[in-house]
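Could you walk me through this model in my viewer, one selection at a time? I would like to know what to pick next and what is there.

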Amino acid sequence: SRLEPQPRPRRPYLHALTNSHRDSLLPAEIPPPLMAPARIAKCVALGCFAAVASTPLPAPAAAPCGEGGDEACAAGDAFSTLQVKGAQEKEIRRHGSVDFDAVMQEAIGHLAKDLEQKPALIEEGKVPSCKYEDGTTCPLSSLKAGVVTKVYPGGGTECMDGDDYYFQVQPGNPEKLLYYFQGGGACWTEQTYQGHACTQSAGLEHASGILNMADDRNPYKGWSKVVVTYCSGDIHTGNTTQDWGGSPVKQVGYLNALTVYDYARANFPKLTSLVFAGCSAGSLGMQFWSHKLANSFNLVGTKPVFFADSFMGAFYPPTDGQYRQTTKFLTDAWNLCTTGLLPEALQEKCTNGTMLTEDPYSDSMNAFPDISFNIINSKEDSTQVYFGKAIAGSLKNAEGATMSSAEYYHAVNVMLEDYNDYKGYSAFLVDDEQHCYTNTVYVYSAGVGGKATTTAGAPNLIDWMSHFTSKTSASARARQLSSKKAATMPRSRTICSGAPKDVTVSEGPETAAYCDDDLV
C-alpha cells in the first residue's frame with residue numbers, strides 16, 4: 001500500500017553515541033544499566049515494583065520479592081520507571097481488559113494541561129492588527145518592519161470558539177521567508193473538544209526559538225516570518241462543522257491555512273531562501289501541506305527546506321493496518337479528503353481509506369527528491385505518547401491505548417525506516433521527553449543527548465538545522481563533512497545517540513536507549 005520509493009543504499013557509517021540522558025528516568029541512587037526484558041517480566045509477575053510504579057499489579061500471595069538471587073528484583077537491579085510502567089501495561093493487556101474511559105481521561109487531561117502551559121508572545125493589546133476590508137489585503141509593504149502584526153482575512157475563516165481567525169506576519173528581509181505552522185493539540189470527538197485537548201481560540205505564537213528576531217544565535221533572525229496560527233483542532237486540514245455540546249463547532253483549518261498560503265504567495269513573489277516548519281499539530285499539518293507548498297513559490301537558485309518538529313503521527317502497533325484505520329478515523333472526522341489539499345494519488349487513497357499517516361510526507365519526498373524534508377523528534381516525547389493513547393482509546397485499540405514510551409520510539413523508528421528510502425530525508429533524534437524545539441529556547445541548547453545537552457562528536461540542533469540553508473554548494477558540503485574541521489556534522493542522515501539495535505515492525509527493544517541500526 002506504500003508509494004513507490006526511490007531506493008537508497010543503507011549507509012554503513014555509524015554515528016552511535018553513549019546515552020547520557022538517564023537522570024530523568026532513573027532515581028538518583030540507582031546505577032545506569034537497564035534491567036533485561038526477561039527480568040522485568042519476571043519482576044512484574046512477582047509484583048515487586050510497588051515502590052516505583054504508580055499502579056502496580058497485585059503481587060501473588062507468596063511472591064518472594066527481595067529474598068535474594070534471581071528474585072531480588074526490586075532491591076538488586078537497576079531499572080527505569082518507564083520500563084516498569086511499560087512492562088506493567090503489557091501485563092495488563094495480557095491479563096485483562098483496558099479501561100478505555102480512564103485512558104482517555106488521563107490522556108486528555110495531560111494534553112489540556114500541556115496547552116495551558118504554552119507561553120504567550122506579548123500582551124495581545126499591544127500587537128497591531130490589520131483586516132481585509134475596503135479592498136485591501138494588508139500587503140507586506142504596509143506592515144511595520146520587525147513588528148508582529150495580526151492579519152484578519154475574514155472570508156469564512158473562523159476559530160472553533162466562533163471568534164475571527166487571524167494569522168501572524170513579521171516583516172523582515174522580503175527575499176527570505178520562514179513559514180511556520182503553529183501547534184495546539186487536536187480534537188476529533190466531543191470528548192476531546194470538551195476536555196480541551198486542542199486550542200480553540202486564536203493566539204499569537206511566542207517569539208522564541210527560530211521565531212526570535214532578536215537572538216543572534218538564530219540563523220533566520222532577519223528573515224520575514226509568517227505564522228499559520230491554529231485554532232481549529234484539525235491539524236490545519238479540516239473542512240467540517242461538528243455538533244458538539246449542543247451547538248455547531250466549525251473545524252475549518254484548511255480554509256484558515258489556505259488564506260495564509262494565498263497571502264504568502266502574493267507578498268513574497270521572489271525568494272532566495274525559504275524554510276517551512278511546524279511544531280506538534282503544526283508539524284503534522286505542515287506534512288499534509290508539504291506537496292502543495294513544495295513547488296508554489298518562486299525560489300531563485302535554491303530549494304525550500306522543511307522541518308517537521310515533534311509530531312510524526314506514530315501509533316502502536318506500527319502496522320499498515322493500524323495506520324490505515326487511524327488515518328481514516330481522523331481524516332473522516334475532519335472531512336479532510338474533500339478539501340483538495342492532497343495530490344491526486346493521495347486523494348484517491350484518502351477517499352478509499354488506504355492512506356497511512358506518513359504518506360503525505362513520504363509522497364513529497366518521492367515527488368521532490370532534491371528538497372530536504374527533515375524531522376526533529378524526542379525519543380520519548382510524552383505529549384506524542386499521550387496523543388497516541390487518546391486516539392487509540394477512541395478506536396478501542398488496547399495495544400495503542402497502553403503504549404509505553406519505548407513502544408512509541410519503536411513506532412517512530414519503523415516510520416523513519418520508510419522515510420530513509422528517500423534522498424531528501426534527514427532526522428535529528430533527541431534523547432528526551434521534550435515536546436517541540438523550534439519555537440523554544442531548547443532549539444539552541446539541544447543535542448542528541450538531551451534538550452540541554454551537547455555531546456562531543458555530534459552537532460547541536462541549531463547547527464544541524466542551519467546546515468540545510470547554508471549557501472555552500474552540495475559538493476563543498478560533502479567535502480566539509482569528511483574534513484576534520486567539520487567533524488561534528490556526521491554523515492549519517494539520522495542523528496541519534498545510543499548503541500545500534502535491530503528494529504522490525506513486530507519487535508523493538510523495551511527501552512529508548514538505542515538507535516535503529518538501519519538508520520545510523
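Start by selecting helix H10, residues 359-367, in this predicted model. Show its surroundings too: the buried residues of H10 pack against helices H7 (281-294), H9 (344-352) and H13 (405-419), and against strands E9 (305-309), E10 (372-378) and E11 (425-430). Seven of the nine residues in H10 are buried, so the helix is mostly covered. Colour Asp359, Pro360, Tyr361, Ser362, Asp363, Ser364 and Met365 to see those buried residues.

Next, move to one of those neighbours, strand E10 (372-378). Seven of its seven residues are buried.

E9 runs parallel to E10, joined by five bridges; look for valine 305 opposite serine 372 of E10. E11 also pairs with E10 in the parallel sense, over six bridges, and here serine 378 stands opposite valine 430 of E11.

For the last stop, select threonine 402, in the loop between helix H12 (398-401) and H13. Is threonine 402 buried or exposed? Threonine 402 counts as buried because its relative accessibility is 6%, under the 20% cut-off. A polar atom of its side chain lies 2.8 Å from the backbone oxygen of alanine 398. Finally, draw a C-alpha to C-alpha distance from threonine 402 to aspartate 99: they are 9.9 Å apart in space and 303 residues apart in sequence.

Conventions: Residues numbered from 1 in each chain as written. Predicted model: local features only at pLDDT ≥ 70, side-chain atom pairs only at ≥ 80, totals over all residues. Heavy atoms only, no water. Buried < 20%, exposed > 50% of the residue type's maximum accessible area, 1.4 Å probe, protein only. Helix = DSSP H or I, 4+ residues; strand = E, 2+ residues; numbered from the N terminus. Contact = heavy atoms within 4.5 Å. Pairing = 2+ DSSP bridges. Polar contact = N/O pair within 3.5 Å; in protein donor to acceptor, adjacent residues only side chain to side chain.
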